[in-house]
Structures are given as structure tokens and as C-alpha cells.
Amino acid sequence: MLVCAPLVWAVAVVAWVHHARHEVNELYDSELIRLAREVQSTLVMAGDTEAELPLGQGNRRNGDGVADLADLAVAVWDRQGKRLLNDREGAMLEFRPDAVGFVDQTIDGRVWRVYYLQSRSGNRLVAAGQREHERDEVVWGLTLSQLVPWLLTLPVLLLVLAWAVRRALAPVHALADQLKARAADDLAPLAQPEAVPLELEPLVGAINGSFSRTSQLLLRERRFVADAAHELRTPLATLRAQWEVVRRSRDDAERDHAQRRLDAGLDRMDRLVTQLLALSRADSADAALLTTPIDWPEVVERAMNDCLALAGRRQIELACDWPTDGRPPLPLRGDPQLMTVVVRNLLDNAVRYAPPGTAVTLALLPTHLQLDNAGPPLTADQLQTLGRRFHRADGQAETGSGLGISIVQRIAQLHGLVLEVGTGEGGQGVRMVLRPAPGWAPGAAPAAAPVSGA
């Protein structure tokens, strides 16, 4: 501001000088025109009887120094260029028979502005001129009368500006000092927005919002680490126990049984680590970056290939239905790898809990995805706890991590989808439907609607 204020002031002075010069030129040009017309009228009324008499020997500056008529000049010529009338300064004006209106001339190194007026008969040419110096004196006189007071007050203005800026920025410095003094783990909100100046309310609100999001992120990470440590402790202890059995066993049958238990524990550990990595990736994904069109045939093929071994072991038939009317399946933009995780987890969950020898059908429709199996319908308590991380219902024969549905919910939320779980046709089996959340559009922030019971 201290730099810009004098610059703006200087530009204003230049604009003022230009405007003042324009106004002074208008004023004096009008006077020259009037003077030329008065001389023309005087000659007409006099009948040219005194046409050859000079107007005098010029005028000097009067004793008070108020005006200098020596800066004015008048001359009259006839058609042949004979000078009929002039004052002393007028003798220096040029005869220009074709001139009409204003002409700038340089006479004796001085710039004059001359107005030429032709008579109606063309017998006389009147010229009235004025030195440009006279006009410059008026312009600079007016400018200095305004400039001097401003020059005297400019330092005071700059001091007031400096004081005002420092006073206005004092809350910003106080806020910066408060942030510098904070500990790295202190995410408590700053002063409420209404307790700070109006200009800082958006900034304080944005900082508090950032603190809140960071606090939630840290809380989620700490919960994730705690849950992961808790879930990994059990299979690690089991693996250690089975390894001790294998190492100390002397009976082949006992050793084989312990090895099978060890292999199953390793499989469970591998599945748990894979699910934890998928959950971590889903939690850290940014919905604004999910812009790739989803190729559903490729996604379904990869997901089914990953579930073929489990389906073969449990004698489950996998089927996939596509729209029969030629329309494409659910149009969606996002992360193809994450959507593969969604479809794989849904298929894996359906295959694990379907009765052996039955079928699991995945239907991709223009408006949603639908997965059906012939398992027993879920109870109200199961629907209520569905999707809780590391939670598995009692009495499950199949191993699992309790993360599959939670991962599906998180990835679906990122893509603006909602998971609905209920019973199949005729009240039999379990049906899972993945459809766009209400009011969701591509590019919009997804609503937090992870799961609902159908």
C-alpha cells in the first residue's frame, strides 16, 4: 500500500494535468475565436476606413503583473496578402490564404496557436494568435495549487496507512503466533469465528475444519492400527502354537494334522493382510480423483477368477447375467482396481456363506449391480452389525477377517454408491444390491450412506 498509494497519486496528477490542459485550451480557443470575429465585425462596420491604421505598438505586462497581453497577436490581410491591420505581435504572424481554423506555428522559437477566419466575401483574412506559454502557465498554476497541499499531506497519509495496515494485520499476527505455539498433536479448534474480526472468520473456520478432518483421520488411523494389531495377534499366536506342534511332533498323523492347521492359519493370515491393505487403500483414496470409466467385463472377469478356487472347493456355481436389451451395465467412473475389490469381496462373501452345491448369481443391470445366493436370510441383528470392522457372527464355519463388507461400504461411498442387503425373491436367500446413492451425480461429493437393510 505504501508503494501503490504514491503511484496512484502520481497517476491522478498526470490525469489532472491532462484534463486541466484540455479545459484551458477550450477556454482560450473560444477567446481566440471571439477575438477574430470581433475584429472581423469591427472592420465591416468601419467600412475599412481605418483599415491601414495599426492597432498599436503592443502591450507590455502591467505594473501589477496580472496579465501579459504581449502574448496575444492580431493581424488582417486582404486577398492579395497585403497586411491591412495588426498589432506589434501580429506582424510576426504568417499569411496563409488557405488556412481555416486553428494552426500551431513556431515564431522566433516560440509556439503560437493561431486561429484563421476567412470573410464571407473572401476579401479579408483575420488571424488571432496566442502563445502556448500563457496556457502552460495557467495549467501549471492550477496544478501546483492542488499539488502543493497534497505533497505536504502525503507523508501524513503514508504514516496513517502504515498504522492502519499494522493495526488491521494484528489479528493475523496473533493467529500466526497461536499456531506456532501449538503442539503437533494439538488439534483443538481455534477461537470461534465470531470471536475474531469479520475478515478472518473464513480463515479461522477453514483452519478449524482442517483440524477436525485431521483429527478424524488420525482417529481412524489409530483405530485401524489398534484393530489390525488385535486381529493379527490371534493368528500369529495360532501359527506359533501349530509350528511348535509340528516341530515337536513324533507321530506322522499328528504332524500332518498340525501342518494342515498351519497351512490354514497361513491362508487366514494372508487373507487378513490382503484385506487390511485393501481397507487402507480405500480409506486413503480421494473421490475427486476417481474419474476412470469402469470396464465392467474386465472387473467381473478378474473378480470371478479370484473366487474360482473357493467356489470349486465349496462346489458353488458362479453365474453372471448382463442386460438382455443391449443396454450397457451401470455407467460409473472411478478406480477399476477398487471396484474389482468390491465385486471380489461381494462374491467371496456370497460363496463362503452359500450352501454347498448351490449357485451364486451376479447380475449387472443398467441401474445397479445385484448379487444373489441361496444362503439363509440374515436376521435383524446380523443386518444391524453388518459392515462393522473385524466383526463376525458367531457359529461361522468359514474363516474370515470381518472386513469384507466394511471395505465394500467404504469403496462404494467413494464412488457415490450405496449397498443394500436383504432377502432374495420369495423371502429366500440373501440379495446384495449396489446402486447409486440418492441425489448422487458423477463428480459430486458422495453422500455417506454405506449400507441399509432392504
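**Figure 1. Met339 in helix H6.** Met339 is placed in helix H6, where helices (H or I, at least four residues) and strands (E, at least two) are DSSP runs numbered from the N terminus. The structure is a predicted model, in which local features need pLDDT of at least 70 and side-chain atom pairs count only at pLDDT 80 or more, while totals for chains, interfaces and linings use all residues. Residues are numbered from 1 along each chain as its sequence is written, and side-chain values use heavy atoms, with hydrogens and water left out. Met339 has a relative accessible area of 0% and is therefore buried; buried means under 20% relative accessible area, exposed over 50%, and partly exposed in between, with a 1.4 Å probe and protein chains only. Apart from its neighbours within four places in sequence, Met339 contacts Ile294, Trp296, Val299, Leu332, Ile411, His415, Leu417 and Leu434, a contact being heavy atoms within 4.5 Å. The C-alpha atoms of Met339 and Asp295, 44 residues apart in sequence, are 9.8 Å apart in space.

**Figure 2. The largest nonpolar core.** This core holds 39 residues, of which Trp296, Met339, Leu347 and Val360 touch the most other members. A nonpolar core is a set of buried Ala, Val, Leu, Ile, Met, Phe, Trp, Tyr and Cys residues joined through side-chain atoms within 4.5 Å. At least two residues of this core come from each of H5, helix H6 (336–352), strand S9 (359–364), S10, helix H8 (404–414), strand S11 (417–423) and S12. The greatest contribution to this core is that of H6, with nine residues.

Figure 3. On a 1 Å grid over the protein atoms alone, a cavity is a set of points where a 1.4 Å probe fits but cannot get out, and lining residues have an atom within 4 Å of a point. The lining of the largest cavity consists of Leu346, Leu362, Leu369, Gln370, Leu371, Leu419, Met432, Val433 and Leu434. Two or more of these residues come from strand S10 (369–373) and likewise from strand S12 (430–436). By class, this lining has eight nonpolar residues, one polar and no charged; Ala, Val, Leu, Ile, Met, Phe, Trp, Tyr, Cys and Pro count as nonpolar, Asp, Glu, Lys and Arg as charged, and the others, Gly among them, as polar.

**Figure 4. The kink in helix H2 and its buried residues.** Helix H2 (residues 132–180) has a kink of about 40 degrees at Ala170, shortly before the proline Pro171. The bend at a residue is the angle between axes fitted to the seven residues ending there and the seven starting there. The buried residues of H2 are Glu132, Glu134, Arg135, Val139, Thr143, Leu147, Leu154, Leu161 and Leu175. An α-helix has 3.6 residues a turn, so residues three or four places apart point the same way. Leu147 has 17% relative accessibility and therefore counts as buried. Between Leu147 and Val13, which are 134 residues apart in sequence, the C-alpha to C-alpha distance is 7.7 Å.

Figure 5. Leu262 belongs to helix H4 (residues 252–284) and is buried, at a relative accessible area of 16%. With neighbours within four places in sequence set aside, its contacts are Leu239, Gln242 and Trp243. Gln242 is 20 residues from Leu262 along the chain, and their C-alpha atoms are separated by 5.7 Å. Asn86 lies in strand S2 (residues 83–86) and is buried, with a relative accessible area of 16%. Asn86 and Ala75, 11 residues apart in sequence, are 4.1 Å apart in space from C-alpha to C-alpha.

Figure 6. Asp108, although not a glycine, has a positive phi of about 55 degrees. Asp108 occupies the loop between strand S3 (101–107) and strand S4 (110–118) and is exposed, with a relative accessible area of 66%. Gln315, also a residue other than glycine, has a positive phi near 55 degrees. The loop that holds Gln315 runs between helix H5 (296–313) and strand S7 (317–321), and Gln315 counts as exposed at 59% relative accessibility.

Definitions and conventions
1 Å grid on protein atoms, 1.4 Å probe; cavity = no way out; pocket = protein on both sides within 12 Å on 5 of 7 lines; lining within 4 Å.
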